[in-house]
Amino acid sequence: MLLNRVNSWLQNIQAWLLPAQCVLCGGVGQGGWDLCPACRADLPSIGAACRQCALPLPAAGLCGRCQRRPRPFTAAAAAFHYRTPLDSLVQGLKFRKDIRLARLLGGLMAQELLAQFVAPPGMDVIVPVPLHPARLRERGFNQALELARPLARQLCVPLDSRCAERVRATAPQSALPAKQRRRNIKGAFRVTAAVKGCRVAVVDDVMTTGHTVSEFAATLRRAGAVSVTVWVCARVAP
Ligand SMILES: [Zn+2]
Ligand SMILES: [Zn+2]
């Protein structure tokens, strides 16, 4: 415990003495970011996308899938395309458990989304997609919660990571074929505090088929949320 604390002091002192280092090329970070200006400029911002599900499109509008069938969430916005080098940053956060990347990706996500919003979004609460307690113990942190922190701070919207929980330890969605993903996630969430009448913004790291955020949004709506907007760091274009 004490050793951990000493280590974290040393890291803080080091971060203060040394300039930030770019996590992608090792160059000098700028403005306290662990990213250099050239690598920042190379990140794949999402551009035009479906206003319902954030799928990248040639021009803003509704994608074919959302035109045919409405989604359980009100709208979705993504900061980036899930492709090089953004995918390696997200994987580093989740699988190498590099919490430093959470701070960086959360800051970048907030920057990109705030630039997309025409007006400040009226939200009552920001809720990260919960992790199952077993997965949380294994990883040490919920990446969605870490990504949501800068957004909550900059939008001055309360962050609530305790109003919902994951009650089933599901297989990772990324390990399953698209067809099985909906069944895998069904009934995985439970709302544990009042969200009745709230406009909720749900935060997650990556959106692929959207089954996870759909199931979570449907659970929140059943608990009385008046709207559920989804904000993700990266959107996979199938
Ligand atoms: Zn760089
Ligand atoms: Zn769509």
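This is a predicted model: local features need pLDDT of at least 70, side-chain atom pairs count only at pLDDT 80 or more; totals for chains, interfaces and linings use all residues.
For four tetrahedral donors the ideal angle at a metal is 109.5 degrees.

Since C50 lies in the loop between helix 2 (37-42) and helix 3 (64-68) while C66 belongs to helix 3, the pair ties together parts that are 16 residues apart in sequence. C50 and C66 are both buried.

The loop between helix 2 and helix 3 also holds A48 and A54. A48 is partly exposed, with a relative accessible area of 29%, whereas A54, at 2% relative accessibility, counts as buried. The C-alpha atom of A48 is separated by 31 Å from that of R96, which stands 48 residues away along the chain.

**Aromatic pairs**

A pair of aromatic rings is described by the distance of the centres and the angle of the planes. The structure holds two such pairs, which are set out below.

| Pair | Centre to centre | Angle between planes | Arrangement |
|---|---|---|---|
| F117 and W231 | 5.3 Å | 45 degrees | tilted |
| F189 and F216 | 4.7 Å | 50 degrees | tilted |

F117 lies in the loop between helix 5 (99-116) and strand 2 (125-128) and W231 in strand 6 (residues 227-235), so this pair ties together parts that are 114 residues apart in sequence; F117 and W231 are both buried. With F189 in strand 4 (residues 189-191) and F216 in helix 9, the other pair ties together parts that are 27 residues apart in sequence, and F189 and F216 are buried as well.

**The largest pocket**

Helix 9 (211-222) also takes part in the largest pocket, where helix 4 (86-95), helix 6 (133-139), strand 5 (199-207) and helix 9 each supply at least two residues of the lining. The largest pocket contains about 700 Å³ of space, and of the 32 residues that line it, K94, P172, Q173, S174 and D205 are the closest to its centre. By residue class the lining divides into twelve nonpolar, eleven polar and nine charged residues.

**Backbone features**

Most residues other than glycine have a negative phi, and most peptide bonds are trans. Against that background, T84 and P85 are joined by a cis peptide bond with omega at about -5 degrees, and P85 lies in the loop between strand 1 (75-81) and helix 4. A54 has a positive phi near 65 degrees, and C156 has a positive phi near 55 degrees. C156 is found in the loop between helix 7 (143-155) and strand 3 (164-166). Is C156 buried or exposed? C156 is exposed, with a relative accessible area of 71%, while A54 is buried at 2%.

Notes:
Residues are numbered from 1 along each chain as its sequence is written. Chains are lettered from A and ligands numbered from 1 in the order in which they are written. Side-chain values use heavy atoms; hydrogens and water are left out. On a 1 Å grid over the protein atoms alone, a cavity is a set of points where a 1.4 Å probe fits but cannot get out, and a pocket is an open set with protein on both sides within 12 Å along at least five of seven lines; lining residues have an atom within 4 Å of a point. Grid points are joined across faces, edges and corners, and a volume is the space filled by probe spheres set on the points. Helices (H or I, at least four residues) and strands (E, at least two) are DSSP runs, numbered from the N terminus. Ala, Val, Leu, Ile, Met, Phe, Trp, Tyr, Cys and Pro count as nonpolar, Asp, Glu, Lys and Arg as charged, and the others, Gly among them, as polar. Buried means under 20% relative accessible area, exposed over 50%, partly exposed in between (1.4 Å probe, protein chains only). Rings of Phe, Tyr and Trp (its six-membered ring) pair if their centres lie within 6.5 Å; planes under 30 degrees apart count as stacked, over 60 as edge-to-face and the rest as tilted.
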